[in-house]
Amino acid sequence: MSIMYLVSGMGGDRNKKWLYVFILLGLVSLTADMVYEGGRSVGGSYIESLGGSAIASAIASSGDLIGYGLRFVSGFLASLFASSAIFWGFTILGYAITVSAIPLLSYANSWESATMLYLLERVGKGLRSPTRDVILAEVTENIGKGKGFGIHELMDQIGAVAGPVAVSIALAAYGYKTAFMILLIPGAITILFLLVAYLLYPSVKSVEISTPKISFSGLGRRFWLYIASTTMLSLGYIHWMVLSYYLKCWGILTDPEIALAYTLAMLTDAAVAIPIGIVYDKLKFKSLYIAPLSALGTVLILLINLHGVTKTMAYASSALWGVTMGCFETIMRASIADILPPEKRAMGYGVFGLVYGISWTLGAFVFAYLLQISTVMTVVYTTITQIASILLITLL
């Protein structure tokens with residue numbers, strides 16, 4: 001069946017277009033996650049194998065600062081021009097950059113060049129995320145935003161599991177070069193699915209019917225409380241680049257095992273996506289307490305008795321890391337859509353991304369430093385930030 005036949009057949013049923021686009025966006029995330037989560041699953045250990053230091057892994061994690069900063073730029077420009085072409089343009093360009101950067105890691109011959117490619121991959125994510133989320137929020141109106149984002153995250157995490165598994169197997173059998181190169185295949189499929197979604201749904205209704213609004217003052221008190229809570233949460237949420245670096249540096253897990261630990265994190269993320277989405281639709285912001293508790297548990301399990309850490313405890317810590325990421329990718333995205341009106345959402349997602357990126361990157365450097373000097377200080381730091389996040393959620 002040709003793509004044009006598929007498009008024309010679906011186009012006849014206008015009432016179901018949202019459903020087809022919703023499914024296609026889920027498939028886009030599935031295949032794209034195979035690429036970038038496969039590459040990032042061994043990011044810290046790959047940098048360590050190229051001779052990089054713990055700070056080098058933190059530098060690589062700063063790609064999230066760049067990426068989330070670009071979410072703000074992308075959200076700002078999309079809100080300013082209020083154009084469906086801009087929304088889809090940023091989305092397609094962002095995915096194209098992402099699925100190209102990771103396979104190029106095959107040719108990295110230094111930790112500096114690998115770091116640059118990891119940073120470039122985050123540029124792609126930063127460009128596409130706010131505009132993609134606005135489109136997704138629109139096509140999930142009929143099923144509930146929490147459930148819709150949860151289903152989308154489940155599809156997303158299927159790819160996030162498949163990618164690291166494929167990398168782990170290829171890494172054990174052939175090495176890094178082949179492990180990264182095989183990710184070209186799902187990358188090409190990503191662009192195909194995305195183009196079909198665009199052809200089916202070229203006009204984003206909430207964009208076309210609204211007047212561009214880019215004022216920060218209109219975002220409201222609840223939004224800024226939410227942002228403050230997110231800031232404290234992400235400051236104390238250890239970045240996988242740093243975590244995976246120390247899992248290898250401390251000799252707890254091997255390279256293939258680190259990829260499998262990341263796979264477990266993504267499986268956990270997938271398992272909680274729909275349930276916490278359903279809980280969110282019923283309890284709204286009270287469900288946000290899950291994130292700081294799981295972020296705190298990630299560090300406590302691993303560090304309370306560092307010298308007695310086993311592979312099992314490392315995998316348990318990875319699973320809790322996945323729970324926190326599941327919250328970020330489902331209920332925390334859905335919250336923006338419920339706090340803000342449609343014409344403010346692109347800006348809201350952009351601000352959320354910028355603040356999250358800055359705080360998560362700062363937190364990565366703090367963790368990279370503290371883990372070298374004091375386990376106790378690391379535990380205290382994590383505990384303080386997550387308690388602060390919980391208190392701010394209570395105010396929200």
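In the predicted model, Arg 40 has a relative accessibility of 8% and therefore counts as buried, the cut-off being under 20%. The side chain of Arg 40 forms a salt bridge with that of Glu 121, at an N to O distance of 3.8 Å. This pair joins distant parts of the chain, with Arg 40 in helix H2 and Glu 121 in helix H7 (residues 111-139), 81 residues apart. Glu 121, at 0% relative accessibility, also counts as buried. Together with Arg 122, Arg 40 and Glu 121 are linked in a network of salt bridges.

The structure contains 7 salt bridges. Another of these is formed by the side chains of Glu 257 and Lys 311, at 2.9 Å from N to O. Here too distant parts of the chain are linked: Glu 257 lies in helix H14 (residues 255-283) and Lys 311 in helix H16 (residues 311-329), 54 residues apart. Lys 311 is partly exposed, at 38% relative accessibility. Lys 248 and Asp 255 also meet through their side chains in a salt bridge, at 3.1 Å from N to O. In this pair, Lys 248 is partly exposed at 22% relative accessibility, whereas Asp 255 is buried at 14%.

Helix H2 (residues 17-40) packs against helix H6 (residues 84-101) at an angle of about 30 degrees, and the two axes are 9 Å apart. The helices are therefore roughly parallel to each other, and their crossing is left-handed. On the H2 side, the contact is made by Leu 25, Val 28, Ser 29, Ala 32, Val 35 and Tyr 36; H6 contributes Trp 88, Tyr 95, Thr 98 and Val 99. Of these contact residues, 8 are nonpolar and 2 polar, with no charged residue.

Terms used
Residues are numbered from 1 along each chain as its sequence is written. This is a predicted model: local features need pLDDT of at least 70, side-chain atom pairs count only at pLDDT 80 or more; totals for chains, interfaces and linings use all residues. Side-chain values use heavy atoms; hydrogens and water are left out. Axes are lines fitted to C-alpha atoms, for helices over the stretch in contact, and angles run from 0 to 180 degrees between N-to-C directions. Helices (H or I, at least four residues) and strands (E, at least two) are DSSP runs, numbered from the N terminus. Angles under 35 degrees count as roughly parallel, over 145 as roughly antiparallel, 65 to 115 as roughly perpendicular and the rest as oblique. A crossing is left-handed if the near helix is turned anticlockwise from the far one by less than a right angle, and right-handed if clockwise. Contact means heavy atoms within 4.5 Å. Ala, Val, Leu, Ile, Met, Phe, Trp, Tyr, Cys and Pro count as nonpolar, Asp, Glu, Lys and Arg as charged, and the others, Gly among them, as polar. A salt bridge is a side-chain nitrogen of Lys or Arg within 4 Å of a carboxyl oxygen of Asp or Glu. Buried means under 20% relative accessible area, exposed over 50%, partly exposed in between (1.4 Å probe, protein chains only).
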